[in-house]
Amino acid sequence: NMASLFEQEIQTLTGVGEKRAKLFHKLGVFSVGALLRFYPRIYEDWSQPFTIEQAPFGVPCAIRAVVLHKPIETRIRKGMTLYKTSVTDGMRDLQLTFFNNPYIVNALTEGKEYIFYGKVSGTLLRKEMSVPEFYPVSSAPSVCPIYRQTEGLSTRMISNAVKHALALLPEQVKDPIPYDIRMQYHLCELKYALEQIHFPDSMESMKIAKKRLVFEELLTLQLGLLELKYRKKQETSLPPFIDYCNEFFQLLPFTPTSAQKRAISEAMADMTNPKKRSPMSRLVQGDVGSGKTAVAAALCYSVIKNDVQAALMAPTEILAQQHYASISDILKDTGISVGLLTGSVTPAKKRKLLEQLQDGSIQMVIGTHALISETVAFKNLGLVITDEQHRFGVAQRSLLAEKGNHPHMLVMSATPIPRTLALIIYGDLDISVLDELPPGRQTIETYAISSRKRARALQYIRTHLDAGQQAYIICPLVEESTNDMASVVQYANALQTETFPDKVIGTLHGKMKPKEKDTVMTAFANGKIDVLVSTTVVEVGVDVPNAVIILIENAERYGLSQLHQLRGRVGRGNKKSTCILVSDVQNEEAIARLKILCSTSDGFRIADEDLRLRGPGDFFGEKQHGLPDLKIANMAEDMEVLKKAQSAARHVLSCDPKLEQPEHQGLKGQIKRLFSVFGGQGFH
C-alpha cells in the first residue's frame with residue numbers, strides 16, 4: 001500500500017543511513033513515499049549518442065566510446081589530483097579528465113564500451129570532456145533523471161535510493177485515481193507513472209508518466225479546494241436579506257463606477273436570493289484604488305439594515321484604522337455604530353467594546369486578527385469581510401466565520417490575479433472583479449533608468465521634498481540572507497549624510513516588530529517622515545496621499561505584479577505621482593518586463609504578463625498564498641490539464657460529496673497529505 005510508505009522513514013531504505021537521511025530531510029524528503037514523489041527536475045537524453053566527430057561543443061551530450069587505457073593519475077598541486085584517460089569510437093579519440101576521484105581508476109575498464117555524458121571542450125583536432133557522467137553500454141539509461149540536489153547528496157545517490165524505494169512497491173499498487181477517470185482522460189496507472197517518471201524507457205514514456213502525475217496533483221488540489229467550498233454550502237440560518245444598497249449610494253459623495261455597482265449587486269444577489277440558502281462566499285478583487293472599501297461599506301450598510309452585525313478584518317493595525325476612518329465617515333449620519341478593535345485598544349475600552357458587540361449595540365466592527373481571539377463574541381454576526389486575503393490563511397477566515405452561524409463571507413484582494421489562477425486559489429469562492437478605476441484617479445508616470453542617472457533622480461525627489469511632499473525608496477533584500485536590515489539602514493545613512501541632510505529619513509525592514517513598523521508607518525502617514533526607505537514590507541493599502549514619488553532600486557529583482565503593487569503606494573492623492581525603476585540589467589526578458597510596467601497601469605494585464613513570463617510559483621512571491629506545494633504541476637504550463645482536473649473534481653464530488661466511497665479513499669489520502677499545510681483542517 002502506497003499510503004504506508006509515507007509512514008516509513010527514509011533511513012529504513014538500503015544505503016540511506018542516518019547521515020544521508022539528514023541530507024534527504026534538507027530536500028524535504030522524510031519518508032519513502034515522499035521520495036517516490038520527489039520527481040526529477042530535468043532529464044538528460046542519452047538515447048541518441050553522438051560520434052566524437054559530430055559531438056557539439058559546449059552543450060551537454062552523450063557519446064558512445066571504448067576506454068583505451070586505465071585512467072592515469074597526475075598530481076598538479078597539493079590537494080588536486082587529475083585522472084586522465086582517452087576513449088575512442090573507432091574513428092576518433094576523446095580525452096577524459098576527472099578531478100580528485102581515486103575511484104575512477106577502477107571504475108573504467110580498459111576495452112569496455114560506455115556511454116559518456118558531458119560537455120565537449122578543447123579544439124577541433126583534440127576534443128576533451130571533463131568529469132562526464134557514464135554508464136556501461138549494457139546498463140546505460142536511455143533517459144537520465146537529474147534531481148534537485150544538496151551538498152553531499154548527488155543525483156546518482158538520489159536515484160539509487162529511488163531504485164530501492166520502487167522495489168518496495170507491491171505488485172498491484174492501489175491507484176488513487178478511479179478507473180473511469182483514468183479511462184476518460186487517458187491516464188496511465190500509478191505504478192507505471194512512478195517507474196517511468198524516475199527511470200523512463202524513453203522521453204515518450206516520461207511524458208506519459210508526467211501527464212498522469214500532473215493530472216493527479218491538480219485533481220487533488222482541486223478536490224481539496226472544492227471540498228472547502230462544498231463544506232461552506234451549509235444552510236445559513238440567516239433569512240434572505242432585503243437590498244438597501246441604493247439607499248447607501250445616496251450617502252456617497254461620488255457616483256460608484258459600473259464595476260463597483262456590478263460587484264455589489266453580485267454580492268447582494270447571493271444574500272437576497274430566497275432559493276440559495278448557503279452563505280455567500282465571494283472574492284472581490286480589484287486593482288489598487290479601484291474602490292473596494294466602498295463595496296465593503298455598501299454591503300455592510302445593507303446587512304446591518306437587515307438587523308445583523310458585520311465584521312471587517314484587516315491584516316495590520318494601521319490598515320484597520322484607515323478602514324475605520326473612511327467607513328465611519330461614510331456612515332456618520334446613518335445611526336449605525338462602528339467599533340475598532342486592535343491590539344492597542346486599552347483594556348477598559350476593549351471590555352466595553354466586547355460587551356457592546358455581544359449585546360448588539362455595536363453593529364459593525366473593524367479590526368485586526370484580534371477579532372478572532374476567544375473573548376470576541378457577537379450577538380448575530382451576518383457578514384464577515386477579510387481584507388487582503390493572502391495574508392490570512394483559509395483557516396483564519398473560517399475562525400472569524402465561526403463566531404456567527406454560517407454568516408456570509410466576502411474577501412477583498414488588492415492583488416489582481418489572472419482569472420485562471422484565481423479559480424484555482426480561490427476555488428472555494430465566487431469571484432467579482434473591479435476592472436475600472438474611479439474617475440479622477442491619477443495615472444502614475446513610470447520611468448526605467450540606469451544607476452548612472454540615480455543622482456538626477458534623487459535631485460528630482462529633492463524638489464518635491466522641498467515642496468513639502470514625501471517619497472518612498474525601496475531597496476531589495478540582500479542576496480539569500482534575509483538581512484534586509486543592513487541594506488536599508490546603510491542606504492538610509494548614505495542618503496542622510498550625502499543627499500538629504502536636512503530631511504527626516506525613516507526606515508522599515510523585516511527585522512522590525514509589527515508594533516515598530518506601525519509606529520513608523522503612522523509617522524510617515526502623518527507627514528513626520530520625509531523619505532521612507534524600506535524593503536517590500538511597505539504595507540499594501542496604506543494611504544499616504546502626500547507621498548508622490550517611489551524609487552525602486554534593482555527593479556529587475558521583483559516580479560511585475562510586485563512592482564505594480566509597490567507603484568500603487570503613490571498616486572493616492574490628487575497630485576501627479578511618479579514611479580522610478582532603477583536597474584542596470586542587460587537581459588532582454590527583464591528589460592521587457594520593465595517596459596510593460598512603463599506602458600500600462602492595468603493590473604490585470606500586468607498579472608497576465610507576469611504569469612506568462614514567470615509561471616505561478618514566482619507569481620505569488622514568498623508562499624503568501626497558503627497554497628500547498630506542488631511537486632510536479634506547473635500552473636502556467638499545465639493550464640489545459642488544470643481545466644480537465646477541475647471538471648473531473650466536480651464530477652467526483654457531485655457523485656460522492658464526502659468522498660466516502662471505497663474507490664475515492666486513495667484520493668482522500670492524497671488530499672490529506674497535500675493539504676497538511678493547512679494543518680489538514682476540516683478534511684474528514
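Predicted model: local features only at pLDDT ≥ 70, side-chain atom pairs only at ≥ 80, totals over all residues.
Residues are numbered from 1 along each chain as its sequence is written, and side-chain values use heavy atoms, with hydrogens and water left out.

Salt bridges, then. The structure holds 20 of them, each being a side-chain nitrogen of Lys or Arg within 4 Å of a carboxyl oxygen of Asp or Glu.

Take R212 and E216, whose side chains meet at 2.7 Å, N to O. They sit four residues apart in helix α8 (residues 203-231), so about one helical turn separates them. Are they buried or exposed? Both R212 and E216 are buried, meaning under 20% relative accessible area, with exposed over 50% and partly exposed in between (1.4 Å probe, protein chains only). Through shared partners, salt bridges join R37, D175, R182, E189, R212 and E216 into one network.

Now for R64 and E113, which form a salt bridge at 3.0 Å, N to O. R64 is in strand β2 and E113 in strand β6 (residues 113-122), so this pair ties together parts 49 residues apart in sequence. Helices (H or I, at least four residues) and strands (E, at least two) are DSSP runs, numbered from the N terminus. R64 is partly exposed at 39% relative accessibility, as is E113 at 32%.

Last, F57 lies in the loop between β1 (42-45) and β2 (60-67), and is partly exposed, with a relative accessible area of 36%. Thanks, all!
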